[in-house]
Amino acid sequence: MDAMIRNYRGTAHDVNDRDPRGRPSREQVEAAVRTLIAWTGDDPKREGLIDTPRRVAKAFEELYGGYFECPIEALSRTFEEVGGYDDIVLLRDVPFFSHCEHHMLPFVGKANIAYYPAGRVVGLSKLARVVETYARRLQTQENLTAQIATTIDEVLQPHGVAVMLEAEHMCMSLRGVHKHGVSTVTTQFTGRFRDNVGEQDRFLRLVRDR
């Protein structure tokens, strides 16, 4: 596990392996925000906006903090004392928000994650941490779904993983076609879930039944 963490290079969207000297400075970021404010037609020097560039830069550090976190590390501690349990473990309705890489507008929804343990389990909060780490990057929902499933599958090596994300995209509701309340659903399956339609159906029933 330690070797996996050391060798983690992230995805094509990751910046962990980039030269930190290539990142713009805080001053450059704030200048860019002032330019955007002026481009919208407002005055970046007026009282209500004078501190906005600083606030935006600080907010971006939080909104996109996932670039500087290792999702593998979140799964590094597991437990083998499970009393022989070998059935499905399901984490349902994990809230998340991310940002569309095409318009940098939010998409907000819930993630559902299941896996079949192979002799060991992980703390439930760690699965939510994987979701949050990948979500706090510029994303597409399809890519986010695949990243969550692949990471859990490769690190825990369970008998199977199932992930379903359901989200509303602001780039569709606030602009463009202006369609509110439209949900996008994406799924990714590995192992038993991928190879057995019955297991997929069971996962979907557990997610939807209340």
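Because the model is predicted, local features were taken at pLDDT of at least 70 and side-chain atom pairs at pLDDT 80 or more, while totals for chains, interfaces and linings use all residues. Residues are numbered from 1 along each chain as its sequence is written, and side-chain values use heavy atoms, with hydrogens and water left out.

The chain contains 9 helices and 7 strands; helices (H or I, at least four residues) and strands (E, at least two) are DSSP runs, numbered from the N terminus. The C-alpha trace spans about 65 × 40 × 25 Å along its principal axes. Of the 210 residues in the chain, 39% are buried, where buried means under 20% relative accessible area, exposed over 50%, and partly exposed in between, computed with a 1.4 Å probe on protein chains only. Contact is defined as heavy atoms within 4.5 Å. Among contacts between residues at least 6 apart in sequence, 70% join residues at least 24 apart.

An open sheet is formed by 5 strands in the order E5-E2-E3-E6-E7, with mixed pairing; two strands are taken to pair if DSSP finds at least two bridges between them. Strand E5 (138-139) and strand E7 (184-190) stand at the edges with a single partner strand each, so one side of each has no neighbour in the sheet. Helix H6 (residues 141-156) packs on this sheet and touches E2, E3, E5, E6 and E7. The direction of H6 makes about 155° with that of E6; such angles run from 0 to 180 degrees between N-to-C directions, and the axes are lines fitted to C-alpha atoms, for helices over the stretch in contact.

Strand E3 (residues 106-116) is paired on one side with strand E2 (residues 89-100) through 9 bridges, and the two run antiparallel. Within this pairing, Phe96 is opposite Gly109 of E3, and the bridge partner of Val94 in E3 is Ala111. The hairpin of E2 and E3 has 5 residues between the strands, and Met104 takes a positive phi near 60° there. E3 is also joined to strand E6 (residues 160-169), by 10 bridges in an antiparallel arrangement. In this pairing Tyr115 faces Val161 of E6, and Ile113 has Val163 of E6 as its bridge partner. E6 is in turn joined to E7 by 7 bridges, again running antiparallel, with Met164 opposite Thr187 of E7.

Burial was then examined for these strands. In E3, 8 of the 11 residues are buried, so the strand is largely enclosed by the rest of the structure. E6 is mostly covered as well, with 8 of its 10 residues buried. Asn112, which lies in E3, is buried with a relative accessible area of 3%. Beyond its neighbours within four places in sequence, Asn112 is in contact with Leu91, Arg92, Asp93, Ala162, Val163, Met164, Phe203 and Val207. The C-alpha atoms of Asn112 and Val197 are separated by 18 Å, the two residues being 85 apart along the chain.

Helix H3 (residues 52-63) comprises 12 residues and reaches 16 Å from its first C-alpha to its last, close to the expected 16 Å at 1.5 Å a residue; the expected span is 1.5 Å times one less than the number of residues. Thr52, Pro53 and Ala57 are the buried residues of H3. These residues cover an arc of only 135° around the axis, which puts them on the same side of H3; the arc is that of the directions from the helix axis to the C-beta atoms. Lys58 and Glu62 are exposed and are carried on the face of H3 turned away from its buried side. Helix H2 (26-40) is included in what covers the buried residues of H3.

A search of the whole structure for disulfides, defined as a pair of cysteine sulfur atoms within 2.5 Å, returned 0. The cysteine sulfur closest to that of Cys100 belongs to Cys171 and is 4.1 Å away, which is too far for a bond. Cys171 is likewise in no disulfide, its nearest cysteine sulfur being that of Cys100. Cys100 is buried, with a relative accessible area of 7%, and Cys171 is buried, with a relative accessible area of 14%.
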